[in-house]
Protein chains: 2
Amino acid sequence: MKTKKYADIIDVANLANVSPATVSRCFNHPDKVRPDTRKRIQLAVESTGYIRNRAAQAIHGRRSGTVGLIVPTLDNAIFATLIQAFSEQLNASGFTMLVATHGYDLDREYQLLRSLLEHRVEGIGLIGLDHKDETYSLIDRRETRSVAMWNYHPDTRISCVGADNSEAGKLIAQHVLDLGHKRIALVFPDTFENDRAANRLEGVLSIMNKAGVQIPPEWHLNTIYSIKNAREVSAPLLSSPNRPTAIIAGNDVIAQGVIYAAQSLGLNVPTDISVAGIGDFSGSAHLLPSLTTIKLRSNKVGQTAAIILDKLINDSENKNIQRVAIEVELMKRQSTCRLAI
Amino acid sequence: MKTKKYADIIDVANLANVSPATVSRCFNHPDKVRPDTRKRIQLAVESTGYIRNRAAQAIHGRRSGTVGLIVPTLDNAIFATLIQAFSEQLNASGFTMLVATHGYDLDREYQLLRSLLEHRVEGIGLIGLDHKDETYSLIDRRETRSVAMWNYHPDTRISCVGADNSEAGKLIAQHVLDLGHKRIALVFPDTFENDRAANRLEGVLSIMNKAGVQIPPEWHLNTIYSIKNAREVSAPLLSSPNRPTAIIAGNDVIAQGVIYAAQSLGLNVPTDISVAGIGDFSGSAHLLPSLTTIKLRSNKVGQTAAIILDKLINDSENKNIQRVAIEVELMKRQSTCRLAI
DNA sequence: AATAATAATGCAAACGTTTTCATTTTGTGT
DNA sequence: ACACAAAATGAAAACGTTTGCATTATTATT
């Protein structure tokens, strides 16, 4: 006995008394089928419980209806807003998002790209601009529409949307200098295979350099992305009698750790020490003291990236690389203040 | 001129001097092809730049290699750890994850489920147990392997893995009572279409009830999931002369908002007011004061869910519903203390 | 009412794999 | 070397759609 498990397009066609071709058209070019036929098909779909098979559709080389996203990790707030905005905008354009995480391992990233291409994604979103040459050349070879999110750079191999992280670094550095600080320490994450952090650091240092402010190497601290680690790493620096008057953190989470370190040592932020972050994460405005930081508008980055990707996929013209810089903005808040003379 | 864009399995087969069937087997049952043939094929794959087409594979009704995940939102820390763990474990089993977000709209959730089924996902992960009847019955009808994450319940229509949120509520309520508090306020998110919050609240209230502690309705505050809103909502309560001595928050983010509200009103946490959360989010242990809360081990939830789903998909036996409760644990920290007499 | 133009539909050939079954090759024991 | 079993491979028929082209139904024009 030949039992077919689920209804297919032929079952629907039979029930609606049309050909499979018409059913197919009803899904893909509804304007090309008469309203009453459409209704008849609609009814048949419902009564058979038919769910179309995208795999069979994708096989024709056309639309798979999916877009791939490769991120380092989902496990922190950094990317959450970005991804959410990207995903939502994509959804609005009718795509489903395939997500893969590589844990900051760029070899793994390449593998994931291959895997997503196996699924014939119509486009790819990546984070940052640091990728293996293999990754870039695979994208080229398959002519995969792609967009790099998170940081802007005027000279990239693929389209990009993001904040100019170097600019963000400059902005916060200038702010701290403007407040009269000269004894400044940095607490940054490792910049290896992390171009965002690298660019921010570069921006900060360039401004410091221009102002002739030296940052002693022992005041350039390294931490991972965690409140706890940032707190532990910065405590010795802060308990030294000869401590800095301001600290610039690589991002807001690190800044939060630094603030806690200071507070638990009995120091007042900002009167004893100014602390600044980068990122303006959700919550940063509501810390005590509220955090001076650089707003990066990551939701706008995600949304814009999705729009660009959609354009790249659907507009057959304009296949050129697009680069969008999302403006950064200094958020002056309570955690920094003018240096007492 | 017939230009084929990309290499297909036939090109690879020709170059390797084997039949397409053998190439296919080489990918799917490598043990069934001789090592030297395998090597030859491998070489041909590389030199043609062949990337297999999962869509064509999926069409045979077998493996699509994808698993769907439907979450309310990616935009907050609540689900981040969970999803990350789920995704990683899934990856380890060779699946790629399709993610969709519905923004707490259960009608949209149903639509997303349909969309994922169109992509022929082999399994589905959902958040929570509150879903439309349509959603459940569609899962049944298509015999879709599925698992609900986040909260455990002994009586569910699909497999579930999660903390017993009611138990979490009971634990934190008991802790606060044990410290001698009687004047207790609650700050919770809306429980509509949010069974996690509902269960926690129910747990808290049941313990309060048992202890004969009444919570006046005006001490039962409602907030959304944000530090800012929690802070604003709880400020009036805290500035009243006749304020509670302890506050239980629906989750750690809300608790953080409450703490900031108290601190900016000049109140000391915990000596003036105890504040407790639920969730033990990353960072909660490092707040000042560190937050007393209930640890929910969301990474373990995600990982376990992925393992169960994999089993459900691959072990043809044992198609039964599985339910796993991940233990919850009281984390006594600095934000709560015994009521001064 | 007849004809032309247009819209709607159907037919059948793809699309790129996997898999069953048949066939060939390899290995084993004498 | 020989027969036989086991392993490796190939041929061809699926899988469930989409789409170009041919056909038929509808509408507009006179």
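Two strands are taken to pair if DSSP finds at least two bridges between them, and helices (H or I, at least four residues) and strands (E, at least two) are themselves DSSP runs, numbered from the N terminus. The structure is a predicted model, in which local features need pLDDT of at least 70 and side-chain atom pairs count only at pLDDT 80 or more, whereas totals for chains, interfaces and linings use all residues. Residues are numbered from 1 along each chain as its sequence is written, while chains are lettered from A and ligands numbered from 1 in the order in which they are written.

With these terms in place, strand β5 (residues 159–163) of chain B runs parallel to β11(B) and is joined to β11(B) by four bridges, and within this pairing B:C160 has B:R323 of β11(B) as its bridge partner. Both strands belong to an open sheet of 12 strands with mixed pairing, in the order β11(A)-β5(A)-β4(A)-β3(A)-β1(A)-β2(A)-β2(B)-β1(B)-β3(B)-β4(B)-β5(B)-β11(B). The edges of the sheet are held by β11 (323–326) of chain A and β11 (323–326) of chain B, each of which has a single partner strand, so one side of each is left without a neighbour in the sheet. Neighbouring strands of this sheet are turned by 20° against each other on average, direction ignored, where axes are lines fitted to C-alpha atoms, for helices over the stretch in contact, and angles run from 0 to 180 degrees between N-to-C directions. The two chains meet within the sheet through β2(A) and strand β2 (residues 96–101) of chain B, which pair in the antiparallel sense over three bridges, with A:L98 opposite B:L98 of β2(B).

The contact between the chains takes 44 residues from chain A and 45 residues from chain B, two residues being in contact if their C-beta atoms, placed from the backbone, lie within 7 Å. On the side of chain A that touches chain B, at least two residues each are supplied by α4 (54–58), α5 (77–92), β2 (96–101), α6 (106–118), α10 (227–239) and α11 (252–264) of chain A, and α5(A) gives the most, with seven residues. This side of chain A has 17 nonpolar, 17 polar and 10 charged residues, in a scheme where Ala, Val, Leu, Ile, Met, Phe, Trp, Tyr, Cys and Pro count as nonpolar, Asp, Glu, Lys and Arg as charged, and the others, Gly among them, as polar.

Two copies of a chain are related by a rotation about an axis and a shift along it. Here a rotation of 180° with 0.0 Å of shift along its axis superposes chain A on chain B (RMSD 0.1 Å), which is the relation of a two-fold axis; the superposition is by least squares on the C-alpha atoms of residues with pLDDT of at least 70 in both copies. The same surface serves both copies, and 100% of the contact residues of chain A recur in chain B.

The surroundings of the DNA strands were examined next. A residue is near a molecule or strand if its C-beta atom, placed from the backbone, lies within 6 Å of it, and 28 residues surround DNA strand C, the closest being A:A21, A:T37, B:I9, B:A21 and B:S24. The largest share of the surface near DNA strand C, six residues, comes from α2(B), and the residues of this surface divide into 12 nonpolar, 10 polar and six charged. Around DNA strand D there are 27 residues, of which A:I9, A:A21, A:S24, B:V18 and B:T37 come nearest. For the surface near DNA strand D, the largest share, again six residues, comes from α2(A).

In chain B, a further open sheet consists of four strands in the order β7-β6-β8-β9, with parallel pairing. Its edges are β7 (220–223) and β9 (274–276) of chain B, each with a single partner strand, so one side of each is left without a neighbour in the sheet. Strand β8 (residues 246–249) of chain B is joined to β9(B) by three bridges, and B:I247 stands opposite B:V275 in β9(B). Helix α11 (residues 252–264) of chain B lies across β6 (184–189), β7, β8 and β9 of chain B, and runs at about 160° to β9(B).

Most residues other than glycine have a negative phi, and most peptide bonds are trans. A cis peptide bond, however, joins B:V269 and B:P270, with omega about 15°, and B:P270 lies in the loop between α11 and β9 of chain B.
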